[in-house]
Amino acid sequence: MTDKLDLDTLAVRAGIHRSQFNEHSEALYLTSSYVFNNAQQAAERFANREPGNIYSRFTNPTVTAFQERLAALEGGESCIATASGMSAILTTVMGLLKAGDHIVTSHSIFGASVQLFANIMARFGVETSFVALSDLKAWEAAVRPNTRMFYLETPSNPTMELVDIKALSHMAHAAKATLVVDNCFCTPILQRPLDLGADIVIHSATKYLDGQGRVLGGAIVGSQALLGEGIAHFLRTAGPTLSAFNAWVLLKGLETLRIRMDAQSATALALASWLEQHPSVSRVVYPGLKSHPQHELAQRQQSGGGAMVAFNVKGGQKKAWQVIDSTKVISITANLGDTKTTITHPATTTHGRLSDEVRMAAGIGPEMVRVSVGLESLADLQHDLARGLD
Ligand SMILES: *Cc1c(COP(=O)(O)O)cnc(C)c1O
């Protein structure tokens, strides 16, 4: 029934399977296991000859509902939900790669993702090359005979750099590598990587999909062929499963995703334009601004600039911290994608554990401040930032 429906309709209707009680809202199934009618049925389910729930490490009806709804929004065949965004990335890598394989990714990915690839996966014999995100020639040059995965975020965190997904998908497929896109910043409302040739979309559902800063969650979206074997097997066996309660919260989050993304992006654009005119600000990076070096690509690839704004203040780290510490409305917290605007100093927090060299290569200087724009009024946000900037 969901095939021909618009995104807005899918966001509130996809994934609903009513129980015998005909509840209108999605039910929350807090159960760790499921009862079989008899021993024969248990045997059939365990042997995978009969579909159905066995144990909530494998499947749970509330988690399944969230998976179906997100798959519908991303235009993917299949979705596997995980306990967090990082466990979605881990599950994808562990499910698809083996010792001796090689990943190409960029410096401009989430700090923990850099550590996962460079420190943890390296111990298991998976090597990673880090290139400049928007430099297609660098991606091409990094490909080796054993390259099996391209991994990227666009726009990147926190530097808001973009890469042409379609161009990279051709390159990845020529190398017989899987293209994985972390779609955290845009969500399917602003960008659908699978339509552009990506094979897998990753989400930290903790961010915009919940959007209200309540739960951790993650998701992997892609074809049944890619998700059904290694990735599903890793999830069932290793157990980084999304809880039913968190899935239920996320299901409700998806219902308001469109109106939140639209409203937060509109405020972000206005705030970015205002910051650009401010004498204490040396640079604003926001894909929706004409001054963004990849504005044309942003217009083509995304249906909006998103709600993340990064800017450099004149006066280095001291002034950056002053701007952060002078806020009274905006929250000083590392989370993003919330209805409440948050402010961070990436160089000393989210990206603080990277080496200076890697951090500078990613363009994250001590003068950079990152704002995740929420649903407060533009005037109140401007006033709050002006306190430290003026
Ligand atoms: C937060 C984040 C992650 C990790 O997600 P968690 O839910 O915190 O594990 C991955 N990628 C990006 C872009 C993020 O912002």
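Which side chain does that of Arg 300 meet in a salt bridge at 3.2 Å, N to O? The partner is Glu 296.

## Basis of the model

This is a predicted model, in which local features need pLDDT of at least 70, side-chain atom pairs count only at pLDDT 80 or more, and totals for chains, interfaces and linings use all residues. Residues are numbered from 1 along each chain as its sequence is written, and side-chain values use heavy atoms, with hydrogens and water left out.

## Domains and their interface

The domain assignment, which is automatic or from a database, divides the protein chain into domain 1 (2–255) and domain 2 (258–389). Their centres, taken over C-alpha atoms, are separated by 27 Å. Contact (heavy atoms within 4.5 Å) involves 39 residues of domain 1 and 38 residues of domain 2.

The buried area, that is, the accessible area (1.4 Å probe) that two parts lose on being put together, summed over both, is about 3100 Å² between the domains, with carbon and sulfur atoms giving 57%. Leu 162, Leu 190 and Tyr 208 supply 23% of the area that domain 1 buries against domain 2, more than any other three residues.

## Salt bridges

A salt bridge is a side-chain nitrogen of Lys or Arg within 4 Å of a carboxyl oxygen of Asp or Glu. The count by this rule is 15, and the count between domain 1 and domain 2 is two. Arg 300 also meets Asp 164 in a salt bridge, at 3.6 Å from N to O. Arg 300 and Glu 296 are four residues apart in helix H12 (residues 295–301), so about one helical turn separates them; helices are DSSP runs of H or I with at least four residues, numbered from the N terminus. Arg 300 is exposed at 51% relative accessibility, as is Glu 296 at 53% (buried means under 20% relative accessible area, exposed over 50%, partly exposed in between; 1.4 Å probe, protein chains only).

The side chains of Arg 69 and Glu 26 form a salt bridge at 2.6 Å, N to O. Arg 69 belongs to helix H3 (residues 61–74) and Glu 26 to the loop between H1 and helix H2 (39–46), so this pair ties together parts 43 residues apart in sequence. Arg 69 is buried at 0%, and Glu 26 is buried at 11%. Glu 26, Arg 69, Lys 252 and Glu 255 are linked in a salt-bridge network.

## Cysteines

The structure holds zero disulfides, a disulfide being a pair of cysteine sulfur atoms within 2.5 Å. For Cys 184, the nearest cysteine sulfur is that of Cys 186, 9.5 Å away. Cys 184 is buried at 9%, and Cys 186 is buried at 1%.

Key: Helices (H or I, at least four residues) and strands (E, at least two) are DSSP runs, numbered from the N terminus.
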